[in-house]
Amino acid sequence: MAIRFGTSGWRAVIAEEFTFARLALVVQAIANTLKQDGAVKRGVVVGYDTRFLSDAFAKEAAEVLASNGIPVLLSRRDVPTPCVAFTILRRKTLGGINLSASHNPPEYGGIKFSSSYGGPAGIEITRRIEEEIQKLLRKKHPFNGSQHSKQIHDIDPAPPYLKHLAFLIDLKTLKRANLRLIVDCLNGTSRDYLDRFLKPVTAELTVLRNTLDPTFGGKRPDPVGENLSGLIREVRRRRADLGLATDGDADRFGIVDRNGLFIPPNDVISLLLEYLIETRPRAPLVARTLATTHRVDAIASAHGLEVEETPVGFKYIGEILSGGKCLLGAEESAGLSIQHHVPEKDGILACLLVAEMVASRRKSLREMMRSLNRKYGPFYSLRRDLALSPESKKRFLSHLAKEKIRRFGPFPVLRQGRMDGFKFYLEKENWILLRPSGTEPLIRLYIEGRSQKHVAELKRASERLIRRLSSS
């Protein structure tokens with residue numbers, strides 16, 4: 001099968017599509033692309049996650065780069081994706097390769113490539129890499145990239161990264177609050193990062209799933225509510241102030257309130273935006289993907305900030321963050337970063353900011369959400385992945401592109417956007433986004449309404465439309 005870079009790299013099942021030979025092919029293509037731009041002596045950071053064979057895949061990647069005369073800074077142990085991003089910036093390298101499938105199921109391997117600005121490589125770069133892969137396949141390159149150890153240098157990227165986080169977080173406020181916290185590392189790369197940072201500034205810290213387990217207990221290392229039953233149980237049992245979780249490579253966050261309630265990412269993003277506006281130096285801009293809550297717009301507008309809407313994928317947010325004028329960049333799939341940090345989503349930072357917010361306000365997240373809803377009104381979000389056969393998916397998208405849709409249920413369409421999929425801006429501040437998955441036979445449906453009744457009506461209308469256009 002063809003190797004394609006999605007919104008965050010290439011992922012495939014280990015030993016089926018994700019093999020040493022195919023990895024070497026991808027890394028050689030990355031090396032060729034970097035050599036075209038020159039200055040290869042600046043080197044590349046290479047990291048890896050806690051998955052099966054990730055450390056061996058990382059060594060293979062390092063050897064291929066070294067065989068091309070590219071110096072490698074190879075992490076001594078598994079490392080969070082945001083730490084790789086910070087190391088790229090700190091060491092001023094050409095970029096970074098992280099052997100990680102993020103929150104995908106345990107059987108998947110993956111490779112992420114970050115550019116020199118510290119964020120995910122943009123479409124132009126990934127397109128060039130894909131073209132190089134095709135050239136190499138035609139040449140049947142053998143990829144014998146070993147025995148270049150002098151170009152490979154082991155590093156420990158943790159201390160500088162953690163020191164930088166200490167600059168971003170109000171440690172005095174955290175320590176003064178004497179919080180009781182539960183951290184769930186999901187057997188991923190935040191172990192010895194998130195817990196290590198929090199231990200000196202909390203009254204009581206309990207850490208779950210902080211051992212190395214490539215199977216992740218047989219589940220996806222994704223910090224969504226259904227995967228955090230243990231964290232929810234421990235928060236309730238120990239009467240903790242907060243539960244904090246990250247995904248497999250620590251770029252996504254999962255938050256549990258003191259009563260054991262899972263807080264959706266859109267709500268976390270909204271709360272943090274209001275808090276950052278109140279506690280950080282003023283910046284003129286906020287960035288969000290088009291699938292992220294419009295509550296962000298309401299908060300930003302009330303404080304005189306501009307909102308920039310981007311396609312789905314943090315690489316678009318990262319490009320805005322790298323400009324230095326963006327207070328917060330966020331996406332609804334539990335990714336965010338802030339001004340003066342990396343242009344890459346950081347689940348560890350998100351957890352620390354939430355802990356600081358709770359420490360500062362001395363309120364539960366549920367209480368804070370009530371205040372936010374009183375101030376801006378309620379916003380209700382829904383996401384569904386709807387399975388279609390490849391033929392039905394193609395038929396649906398073709399018909400949708402030609403269809404003139406004037407209303408969804410009782411709500412007229414005010415305007416339509418095609419930045420990434422099909423977004424319908426509706427009356428009464430409701431909206432719908434329909435976009436195809438780039439790798440699976442799925443249509444992703446996103447809905448936001450100002451009441452639960454609106455969301456239910458829009459869900460029914462959207463599903464009827466999908467059935468009609470995919471079968472006609």
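1. Ala, Val, Leu, Ile, Met, Phe, Trp, Tyr, Cys and Pro are counted here as nonpolar, Asp, Glu, Lys and Arg as charged, and the others, Gly among them, as polar. By that scheme the lining of the second largest cavity has 6 nonpolar, 4 polar and 2 charged residues.

2. The model is predicted: local features need pLDDT of at least 70, side-chain atom pairs count only at pLDDT 80 or more, and totals for chains, interfaces and linings use all residues. Residues are numbered from 1 along each chain as its sequence is written, and side-chain values use heavy atoms, without hydrogens and water.

3. The whole structure holds 3 cavities of 30 Å³ or more. On a 1 Å grid over the protein atoms alone, a cavity is a set of points where a 1.4 Å probe fits but cannot get out; a pocket is an open set with protein on both sides within 12 Å along at least five of seven lines; lining residues have an atom within 4 Å of a point. Points are joined across faces, edges and corners, and a volume is the space filled by probe spheres set on them.

4. The largest cavity has about 110 Å³ of space. Of its 14 lining residues, S8, G9, F113, P120 and A121 lie nearest the centre. Strand β5 (residues 108-115) gives the largest share, 3 residues; strands (E, at least two residues) and helices (H or I, at least four) are DSSP runs, numbered from the N terminus.

5. The second largest pocket has about 160 Å³ of space. Its lining includes I30, L34, F113 and R128, and α1 gives the most, with 4 residues.
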